[in-house]
Amino acid sequence: MKIKFAFAAIAGAVLFAACSDDDAVQPNKYVPLGKYDSGVLVLNQGGFGHDDASMSYISFDFSKLENDIFSLANPEVVLGDTAQDICFYGPYAYVVLNGSNKIEIVNRYTLKTVGTIDTGLSNPRYMAVYNGKGYVTNWGDGVDTTDDYVAVINLATRSITANIPVIEGPERILEYNGKLYVAQTGGYGYGNKISVIKTSDNSVTTITVGDVPNAMQIKDGYLWVSYGGKPSFATSETSGGLVQINTNTNAVNHTYPYSGTTTHPSNLVIDGEFAYYTIDSGVYKFALGAASLPTTPAFSTTDQGVYGVYSFAVKQGHIYVGDAVDYVNNGKVHVYSLGTGLGQAPLGTLENSYTVGVIPAGFYFNF
Amino acid sequence: MTAKKPITILILLVCQYILAQHDSIVPLREVTVSDALLRKFSQTQSVAVLNDSVIAKNAASLTALLNYNAPIYFKENGLGMVSSPSFRGTTAQQTAVIWNGININSQLNGLTDFNTITTGNFDAILVRAGGGSAIYGSSAIGGSVHLGNVLRFNDQFSNALRVNYGSFNTLGVDYNLRASNEKVSAQLGLSRNSSENDYEYLDTNGKHNENGQFYNTSVNADFGVKLNNSNYIKFYTQLFEGERHFSGTIASKSKSKYQDLNTRNLLEWNSFLGKFTSKVKVAFLSERYKYFENAKTELFERSTAETVIGKYDLSYAIDTKITANLIVDYTQTKGFGQQIGENVRSIGAASFLWRHDALRWFGYEISLRKETTSNYESPFLFAVGARFNVLKSYSVLVNASRNFRIPTFNDLYWQGLGNAHLKPESSYQLEIGQRYQRKNTWASATLYYIDISDMIQWAPDENSGNWTPSNVAEVQSYGAEFSVGWTKKIGQHTIDWKTNYGYTISEDKALKQQLIYVPVNKSTTNVAYAYRKFTASYQYLFVGQVYTPSQKFHTVKSYQVSNLGIDYDFGKVNTYRIGLLASNFLNENYQSVLQRPMPGRNYTIRLTLKF
């Protein structure tokens with residue numbers, strides 16, 4: 001609903017400026033709801049076991065970078081260990097901390113902490129929200145292949161009300177039409193399924209896709225999944241690809257595989273009529289409806305020293321790339337032109353670079 | 001230092017002190033101590049001896065003992081948790097731990113966790129600073145720590161029992177039995193340590209060290225038989241079994257636990273044939289860990305390594321001034337586990353050691369060693385040293401050596417990520433030391449420089465992005481160690497004072513920055529005052545700021561810890577000592593490792609009975 005308001009504000013800025021000069025009302029003037037409104041929150045995983053997960057803020061006009069914003073807002077609180085995901089709901093951001101087995105709840109615009117959920121989570125990974133409930137994927141114990149679950153959180157009471165058992169290694173989670181789609185990357189092993197949970201009765205079915213499904217998007221009633229294939233250090237390496245699934249029937253509508261065994265796509269994002277994803281340091285652009293996946297990248301990030309895109313987002317005509325560098329030192333965020341806007345530089349033109357915290361793991365657009 | 005234990009007279013002090021007793025002591029030590037090379041070929045390096053009375057005054061773990069009595073820095077993941085050393089600025093895998101002459105560093109990860117060694121099992125613990133690979137093999141780059149048992153052939157029957165109980169429900173029991181006569185010598189040691197370890201994290205609104213409880217049990221049995229005047233058979237065996245729950249950090253609770261089971265066995269036959277001393281040794285070592293990600297479940301990951309060592313050591317005393325040793329040894333290790341598969345490594349080696357006390361004021365020693373194995377090319381290892389006894393009370397020691405650290409089973413074979421093409425890390429080292437020794441006072445100062453190449457580091461691979469080890473880093477480490485001691489006895493009053501200070505620069509040559517978890521400054525002081533049967537002792541530890549890998553917190557701040565103990569001996573003939581120890585009595589809030597607080601003020605009652 002806030003998105004609508006932002007749009008209204010922009011639209012209003014044009015319309016009202018044109019047909020009204022009534023200063024008394026000024027509905028065109030957008031008042032930020034906090035210091036960290038109108039920008040992207042970058043979640044920095046931090047070093048495993050270091051308790052140094054952090055967040056950074058980059059304003060939408062790219063003029064402002066602020067690092068370690070959680071600590072600035074809450075000097076007495078340690079955010080935690082190995083941040084994994086952020087989920088927005090209402091005025092809150094739910095920060096999932098894998099290593100700390102907790103969710104830190106903060107005001108999404110001020111970053112002031114308002115609460116913690118620290119019981120009932122075991123290796124929490126990603127979170128989705130539907131109908132006043134939070135759904136958090138949990139690996140359970142990494143070595144236990146049968147204790148994985150999706151925790152259901154009553155967001156009003158901030159307590160876990162149910163656990164939905166799923167197969168090993170539930171990772172990203174996405175809600176569409178009252179159903180939850182869970183990418184089963186496989187935890188310490190390699191999964192090849194999407195779990196579908198009906199929120200009405202918490203029943204679970206699965207769809208077999210390719211090895212290691214790593215990202216999901218919804219487009220025109222279809223679920224699109226990028227799967228990475230098994231990595232080079234697995235006993236048998238496999239290539240990945242994209243899969244298109246009919247959400248009404250749960251049937252695979254189309255598979256777009258890469259040939260060979262060494263091509264590992266990830267980070268699927270659909271923007272408009274195009275799918276964007278990454279392979280190593282390359283960013284790929286795929287026109288939905290085309291017969292097969294491109295074999296050469298739309299552009300490469302190697303000029304920025306990126307040898308594996310760690311996190312990725314496409315928003316408002318920009319591509320955001322998170323570079324974990326050596327996983328030890330502070331990471332980088334590079335912003336590239338999407339090349340679709342009027343008068344915008346061509347696709348892949350570097351627009352801005354920032355040094356953020358250790359291992360930038362995700363981008364969350366706050367407006 | 002008690003005269004009862006000849007080993008404890010060891011090198012601590014100065015060379016001529018030992019030289020003066022050369023003839024009478026050497027044969028005795030050859031008989032009683034398994035690691036005779038340590039004394040014979042360490043006259044140009046500094047060796048500090050911690051005898052059983054020092055061991056008894058400190059907490060039961062090797063970490064606690066050395067942290068307060070040696071220049072070695074320890075990185076401890078909370079009290080009793082994994083503890084790894086940095087000796088002269090080197091890494092945890094670059095300090096060798098030697099048990100009765102046998103290198104016991106883990107074959108799986110290359111290091112010894114100093115919280116898995118219970119000090120009560122040993123008669124003496126020696127700290128040998130500087131390179132020692134030419135004698136002790138892998139890992140003796142920064143230095144080596146020697147755990148020794150003594151078997152004497154005299155009439156003796158004695159018992160010693162120590163019981164400690166203190167804060168956090170911490171219990172330590174240590175029992176030692178010795179029985180020997182002219183023909184047979186036996187020793188039995190049993191230790192048990194346990195703790196709830198649920199200490200409060202200071203200044204955190206009452207957070208505690210949750211899931212930090214631990215226990216360990218160790219058994220030590222040594223047995224020797226004198227077949228005749230020139231033939232001895234000896235058997236040493238040790239077992240350590242422990243379980244630690246791994247505590248978490250300030251912001252993150254932990255639920256894991258870790259179990260260790262280590263056994264060490266050594267059988268040796270010593271023959272003294274005129275100028276020849278022949279030693280045949282066979283050792284069997286095993287190490288096994290189980291890691292439970294969730295302590296409440298029975299699911300775990302495990303790895304095991306089993307090592308068999310055969311060694312032949314022939315020593316020839318050409319005359320009273322020259323000793324030569326030829327050693328050949330063969331080591332075969334089998335490692336197996338979920339992550340490392342099953343692999344066998346065999347290493348054959350030959351060493352030649354030479355010591356020449358050429359003049360009363362001058363002596364030198366040379367050690368050479370070459371190993372061969374199928375996995376990698378081993379460098380030629382050496383140590384060359386000289387001593388100059390410039391004055392009766394002042395001497396200068398010089399030593400140069402080449403040392404190495406071999407890749408571990410984890411480095412080589414970790415499933416899909418290990419790198420079978422790793423080379424050993426290797427180092428060149430130069431040191432110069434000075435000693436001053438008078439009746440009540442001694443002092444030493446040592447300067448060293450270590451150049452380490454082919455350091456093995458786990459990092460993402462440039463091409464695949466996979467986390468994998470490679471021989472990338474070049475490190476130089478240099479610094480100074482100072483040590484002073486003073487003892488004074490006035491009537492029934494005795495004062496004993498000892499201070500160590502280490503200054504360490506250890507930097508990655510490419511990054512030009514101090515390595516993480518290596519403090520530039522570390523200092524320890526021990527002061528004891530005794531009046532008749534009353535003793536008061538004070539310990540002080542200063543550890544300077546260290547860098548951490550965290551880009552957010554950057555450093556762990558420096559800390560100072562003080563311990564105060566008082567003891568009174570009620571015994572007339574036997575020892576019945578009771579004492580109270582206040583550890584960290586100034587209640588310093590400190591961390592050894594980032595976000596892992598150590599305990600504040602805590603107390604221990606201790607009881608020692610010898611009969």
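Visitor: What share of the 367 residues in chain A do buried residues make up?

Guide: Buried residues account for 54% of them. Buried here means under 20% relative accessible area, exposed means over 50%, and partly exposed is in between (1.4 Å probe, protein chains only). Bear in mind that this is a predicted model, where local features need pLDDT of at least 70, side-chain atom pairs count only at pLDDT 80 or more, and totals for chains, interfaces and linings use all residues. Residues are numbered from 1 along each chain as its sequence is written, chains are lettered from A and ligands numbered from 1 in the order in which they are written, and side-chain values use heavy atoms, with hydrogens and water left out.

Visitor: How do you know how compact chain A is?

Guide: Start with its make-up: chain A has two helices and 28 strands (DSSP runs numbered from the N terminus: H or I of at least four residues for helices, E of at least two for strands). Its radius of gyration is 20 Å, close to the 21 Å from the globule rule for 367 residues, so chain A is as compact as a globular protein of that length. The radius is taken over C-alpha atoms, and the rule is 2.2 Å times the number of residues to the power 0.38. Along the principal axes, the C-alpha trace of chain A spans about 65 × 45 × 45 Å.

Visitor: Why is the contact between K219(A) and E273(A) called a salt bridge?

Guide: The label needs a side-chain nitrogen of Lys or Arg within 4 Å of a carboxyl oxygen of Asp or Glu. K219(A) and E273(A) meet at 3.0 Å, N to O. The pair links distant parts of the chain, 54 residues apart: K219(A) sits in strand β16 (residues 213-219), and E273(A) in the loop between β20 (265-271) and β21 (274-279). With 16% relative accessibility K219(A) counts as buried, while E273(A), at 48%, is partly exposed.

Visitor: What makes R178(B) and D123(B) a tie between separate parts of chain B?

Guide: They form a salt bridge whose closest N and O atoms are 2.4 Å apart. R178(B) lies in strand β9 (residues 170-180) and D123(B) in the loop between β5 (102-103) and β6 (124-129), so the pair ties together parts 55 residues apart in sequence. R178(B) has 9% relative accessibility, so it counts as buried, and D123(B), at 6%, is buried too.

Visitor: Are R355(B) and D357(B) buried or exposed?

Guide: R355(B) comes in at 4% and is therefore buried, and D357(B) is buried at 7%. Their side chains meet in a salt bridge at 3.1 Å, N to O. Elsewhere, R88(B), E431(B) and E481(B) are linked in a network of salt bridges. The search of the whole structure turns up 26 salt bridges over all chains.

Visitor: What makes a nonpolar surface patch on chain B?

Guide: Patch members have over 30% relative accessible area and no salt bridge, with nonpolar side chains (Val, Leu, Ile, Met, Phe, Trp, Tyr) joined within 5 Å and like charges within 9 Å. Areas are Shrake-Rupley values with a 1.4 Å probe, and for residues only the protein chains shown count as cover. This patch is about 1,100 Å², and its members include Y531(B), F534(B), Y568(B) and L607(B). The elements giving two or more residues are β30 (559-569), β31 (575-583) and β34 (602-610) of chain B. Y531(B) belongs to strand β26 (residues 521-531) and is partly exposed at 34%.
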